[in-house]
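Biologist: I am new to this structure and would be grateful for a guided discussion. May we begin once the sequence and the model are before us?

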Amino acid sequence: MATEKPHMNLVFIGHVDHGKSTSVGRMLADTGNVDAYLIEKYRKMAEETGKATFEFAWVMDSLKEERERGVTIDVAHKKFNTDKYYFTVIDAPGHRDFVKNMITGTSQADAAVLVVSAIEGPQAQTREHLFLAFTLGVRQLIIGLNKMDAVKPQWSEEKFNEAKAEVEKLLKLTGYKDVPIIPYSAYTGDNATKRSENMPWYKGPTILEALNNLKEPAKATDLPLRLPIQDVYTITGIGTVPVGRVECGVLKPDTKVMFEPSHVVGEVKSIEMHHEQLPQAIPGDNVGFNVRGIAKNDVRRGDVAGPVDNPPTVAKSFKAQVMVLNHPSVITVGYTPVFHCHTMQIACTFVELLAKLDPATGSVKEENPQFLKTGDAAIVRIQPSRPMVIEKAKEFPQLGRFAIRDMGQTVAAGVCLDVEKKVQ
Ligand code: GTP
Ligand code: MG
């Protein structure tokens with residue numbers, strides 16, 4: 001193992017251009033996890049190609065299209081150490097077209113940093129990402145008010161307080177408590193890892209201190225293995241290598257695992273994380289593992305690996321509690337949007353609207369409602385268009401949550417209450 005420090009999956013979220021990639025690049029650079037010469041090289045390249053100031057973002061944005069457009073498209077993973085934790089940091093895209101990538105990144109996170117430009121204050125995807133993070137079960141949050149070097153006047157406490165008040169209004173609508181709100185500049189580094197001399201009025205933690213103050217996530221090591229597959233590779237000389245994050249349980253070499261819903265069994269031969277062999281993988285580890293007995297096409301993204309004697313649950317239908325975040329009209333029986341659940345994206349139909357709930361108390365407001373609209377919380381029955389793995393959120397929190405997307409936006413999010421099993 002690279003380190004004995006506790007491992008934490010951290011995601012940077014927020015509106016497009018508010019500085020998520022720059023923030024991650026800055027944290028990596030200042031903690032010595034990326035070389036200064038690389039930043040300098042990117043600074044020159046960015047300047048020459050008309051993309052000046054993107055040198056920190058380019059640490060994360062490595063795709064050609066990302067660099068040309070100056071936006072993050074795909075979720076990037078990097079590792080990064082502080083004195084307390086070993087972080088796998090996920091840089092999520094802010095652009096609305098890439099929210100599905102953001103959901104994948106966020107559903108893997110133990111904690112989130114919501115980056116908000118102090119110049120613009122919270123925007124559409126600030127709100128959307130904040131609600132999604134909460135609904136997807138990310139329970140620890142840090143808010144960074146970025147670009148304090150560029151507010152007018154520079155480093156202004158008043159500007160910070162204005163943006164902070166707006167952010168606090170949004171926070172009240174979620175269940176987040178005790179969230180540090182930090183004025184900083186990812187570009188200059190003020191209050192990122194070093195306390196800023198430009199903002200002596202601020203007494204709270206820096207971003208780095210706030211990261212070290214996060215609570216270690218409870219490890220779901222005692223549960224049966226659940227490992228949703230992100231990708232499957234064939235590596236010459238090694239064989240089939242599925243890649244994904246262990247959500248719960250322990251993955252060990254020389255054990256058999258079942259992949260559902262593909263319903264195939266293979267034997268785990270070896271496990272790797274960040275190019276290092278692991279004796280075993282525990283919840284939170286993003287790993288590639290070599291499996292004997294299966295071909296690349298036998299398993300796919302959206303499959304979940306689990307023990308042969310306690311395999312992942314394949315649903316014929318499931319009962320869920322959903323919260324409608326953003327729907328232009330109404331949701332009725334027959335509505336079939338795309339569900340994003342662990343690494344799976346799949347069309348599912350609302351087959352029954354069982355009850356409308358009071359969002360504040362959770363008590364039933366109306367039995368069998370005719371429709372649901374924005375702001376409603378409800379209990380519904382859902383039928384997937386193809387076999388899918390979903391678990392009761394009570395038993396497997398990470399496998400029991402989902403987001404619902406339609407027409408280019410997140411319309412709802414929810415958790416699974418009960419599963420009607422498909423007979424395999
Ligand atoms: P998406 O991934 O496309 O959603 O954007 P992002 O949130 O990752 O933003 P990114 O880091 O790519 O930065 C967008 C622009 O804001 C770039 O021009 C950055 O140089 C600039 N920027 C980021 N942080 C700061 C900052 O602290 N100060 C100033 N002045 N500019 C910043
Ligand atoms: Mg970015």
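Biologist: Why does D376 count as buried?

Modeller: Buried means under 20% relative accessible area, exposed over 50%, and partly exposed in between (1.4 Å probe, protein chains only). D376 has 6% relative accessibility, and therefore it counts as buried. Please note that this is a predicted model, in which local features need pLDDT of at least 70 and side-chain atom pairs count only at pLDDT 80 or more, while totals for chains, interfaces and linings use all residues. Residues are numbered from 1 along each chain as its sequence is written, chains are lettered from A and ligands numbered from 1 in the order in which they are written, and side-chain values use heavy atoms, with hydrogens and water left out.

Biologist: What makes the pair of D376 and K373 a salt bridge?

Modeller: A salt bridge is a side-chain nitrogen of Lys or Arg within 4 Å of a carboxyl oxygen of Asp or Glu. The closest N and O atoms of D376 and K373 are 3.9 Å apart, so the pair meets this rule. K373 has a relative accessible area of 40% and is therefore partly exposed.

Biologist: How many salt bridges does this rule give?

Modeller: The count comes to 24 salt bridges. Among them is the one between E395 and K392, with the closest N and O atoms 3.8 Å apart. E395 is partly exposed because its relative accessible area is 42%, and K392 is partly exposed at 29%. In another, R245 and E247 have their closest N and O atoms 3.3 Å apart, and both of these residues are buried.

Biologist: Which residues are linked with E40 in a network of salt bridges?

Modeller: The network links E40 with R43, K44 and E47. E40 lies in helix α2 (residues 36-48); helices are DSSP runs (H or I, at least four residues), as strands are (E, at least two), numbered from the N terminus. E40 has 33% relative accessibility, so it counts as partly exposed.

Biologist: Why are S21 and T72 said to coordinate the magnesium ion (ligand 2)?

Modeller: Donors are N, O and S atoms within 2.8 Å of the metal (3.2 Å for Na, K and Ca); water is not among the atoms, so sites may look incomplete. S21 (OG) and T72 (OG1) coordinate the ion at 1.9 to 2.1 Å, and they therefore qualify. The pair links distant parts of the chain, 51 residues apart: S21 is in helix α1 (residues 20-30), and T72 is in the loop between α4 (64-69) and β2 (76-81). S21 counts as buried because its relative accessibility is 7%, and T72 is buried at 9%.

Biologist: Which salt bridge does E128 form?

Modeller: E128 forms a salt bridge with R405, the closest N and O atoms being 3.7 Å apart.
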